[in-house]
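Let's take a tour of this protein, from its surface to its inside. Have a look at the structure first, then read on.

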Amino acid sequence: RYTDLELTQLLDFQPAGGVIRFAGQRALITDAVALGLLRKELIETVGLTVARGVLTRFGYAHGWRVAATLQKSLPWDSERDWRIAGGRLHMLQGAVVMEPVSRDPSETDVPFAEAIWHESYEAEQHLLNLERSNEPVCWTLCGYASGYLSYATGKEIYCIEEKCLGCGDSKCKMIG
């Protein structure tokens, strides 16, 4: 079950160093500040719109690959568990702390996907290296969620932020 996933199950490495694998695929441990500096460099070099596009596409590819890898590499109790495991994996990879949004079952106008994000590395790095934004800044996180959900459902799912710590909100909120 997706709730039982733990980093120790998914991570394989030699204590002396070398190749690290996450769910059987080669992975890297990357410094969040280095990613923040890359974001800053992209924005300063090619502008906000292009930087956002590049980082969103990177996130999408990451989410797509994780969904494809996990579908094949782990035994799932149900198709549903695999489809909703993306948020848990986002947390295990250190990107964000995800909180599901509780809804009344009688509500009819609800998004396909919805989550509250705490401790977003992306909002943290944007604020550290740039300044408060007028628009949400968790581009790779939204791209990841879009890529994972798109692969898992077989149709294009677009995830956007309604609220963002990088804009001064108390938390980030994503809808798909």
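This is a predicted model: local features need pLDDT of at least 70, side-chain atom pairs count only at pLDDT 80 or more; totals for chains, interfaces and linings use all residues.

## Out on the surface

Now try Leu-128, which sits in helix α6, a stretch covering residues 121-129. Its relative accessible area is 55%, so with the cut-off at 50%, Leu-128 is exposed. As a general rule, nonpolar side chains in soluble globular proteins tend to be buried together.

The phi of Glu-119 is near 60°, a positive value in a residue other than glycine. Is Glu-119 buried or exposed? Glu-119 is exposed, because its relative accessible area is 61%.

## Heading inside

The largest nonpolar core has 19 residues, and the ones touching the most other members are Trp-117, Cys-138, Leu-141 and Cys-164. Two or more residues each come from β5, α6, α7 (139-153) and β7 (172-175). The largest share, 4 residues, is from α7.

Which residues does Cys-138 contact, if we skip its neighbours within four places in sequence? Among them are Trp-117, Cys-164 and Cys-172, along with Ser-120 and Glu-161.

There's also a second, separate core of 15 residues, including Ala-23, Leu-70, Trp-82 and Leu-92.

Terms used: Residues are numbered from 1 along each chain as its sequence is written. Side-chain values use heavy atoms; hydrogens and water are left out. Buried means under 20% relative accessible area, exposed over 50%, partly exposed in between (1.4 Å probe, protein chains only). A nonpolar core is a set of buried Ala, Val, Leu, Ile, Met, Phe, Trp, Tyr and Cys residues joined through side-chain atoms within 4.5 Å. Contact means heavy atoms within 4.5 Å.
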